[in-house]
Amino acid sequence: MYIPSFNKIEDLREAINFMQRYSFATIVSVKDGIPVATHLPFLVKQKGDKVILSSHFAKANPQSEDIVNNIGLVIFTEPHAYISPKNYEKEQSVPTWNYLAVHAYGKCTLLEGKENKAALLKEMIKYYDADYLKQWVGLPDDYKQKMMKGIVAFEMVVDDLQAKAKLSQNRTEKERENIIHELSSAENSNEKDIAEYMKALKRSD
């Protein structure tokens, strides 16, 4: 991912927080020279200095075979906002887009066996829908086993994490204030989120 130095997120914890907040991501792999992608919910964990991503494919998805022991790319991105030139002090300005994104590269390995699959599903349910966990635990074992046979569970140990926050860092303070004001007043939640990220960045300066 192209990242100018002033847009780079250096803090690993900040990048992980973003990944956990926007954890429905896209995993990309390559088969016969053609990129293939699937949209999946992920668990994002830090173990020491390593970042671990976990999820599962539908067994019928052919990408579940392609990712084994191959380098994959998981893209985390969500809030974004159009930035109008009306926010700039100079007339000779052009539109742009503000956004945040994290690209995680790593080798994928399967989580095989009933116990590993069951543990992953339990952890994902606790993260995404804790109220459902009691219902899941109470379901008949044969039903749960049937469901688990239909998935391919995997994890990725991230070898390269590229994180970018394009939040008008190269603009003047007045221009950034104009953008924050406009986005904060918008009805779109994406734009409001970008405004909040810009405010947080300003506080950290």
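How many bridges join strand β1 to strand β2, and in which sense do the two strands run? Strand β1 (residues 24-31) and strand β2 (residues 34-41) run antiparallel and are joined by 8 bridges. This is a predicted model, in which local features need pLDDT of at least 70, side-chain atom pairs count only at pLDDT 80 or more, and totals for chains, interfaces and linings use all residues. Residues are numbered from 1 along each chain as its sequence is written, and side-chain values use heavy atoms, with hydrogens and water left out.

**Sheet**
- An open sheet is formed by 7 strands in the order β2-β1-β5-β6-β7-β4-β3, with antiparallel pairing; strands are DSSP runs of E of at least two residues, helices are runs of H or I of at least four, and both are numbered from the N terminus.
- Strands β2 and β3 (43-47) are the edge strands, each pairing on one side only; two strands pair if DSSP finds at least two bridges between them.

**Strand pairs**
- In β2, Val-36 is the residue opposite Ser-29.
- The hairpin of β1 and β2 has 2 residues between the strands, and Asp-32 takes a positive phi near 55° there.
- Strands β4 (residues 50-58) and β7 (residues 151-166) pair in the antiparallel sense over 7 bridges, with Ala-58 opposite Ile-151 in β7.

**Ile-67**
- Ile-67 lies in the loop between α2 (63-66) and β5 (71-83).
- Ile-67 counts as buried because its relative accessibility is 1%; buried means under 20% relative accessible area, exposed over 50%, and partly exposed in between (1.4 Å probe, protein chains only).
- Leaving aside neighbours within four places in sequence, Ile-67 is in contact (heavy atoms within 4.5 Å) with Ile-27, Ser-29, Phe-57, Cys-108, Leu-110 and Phe-154.
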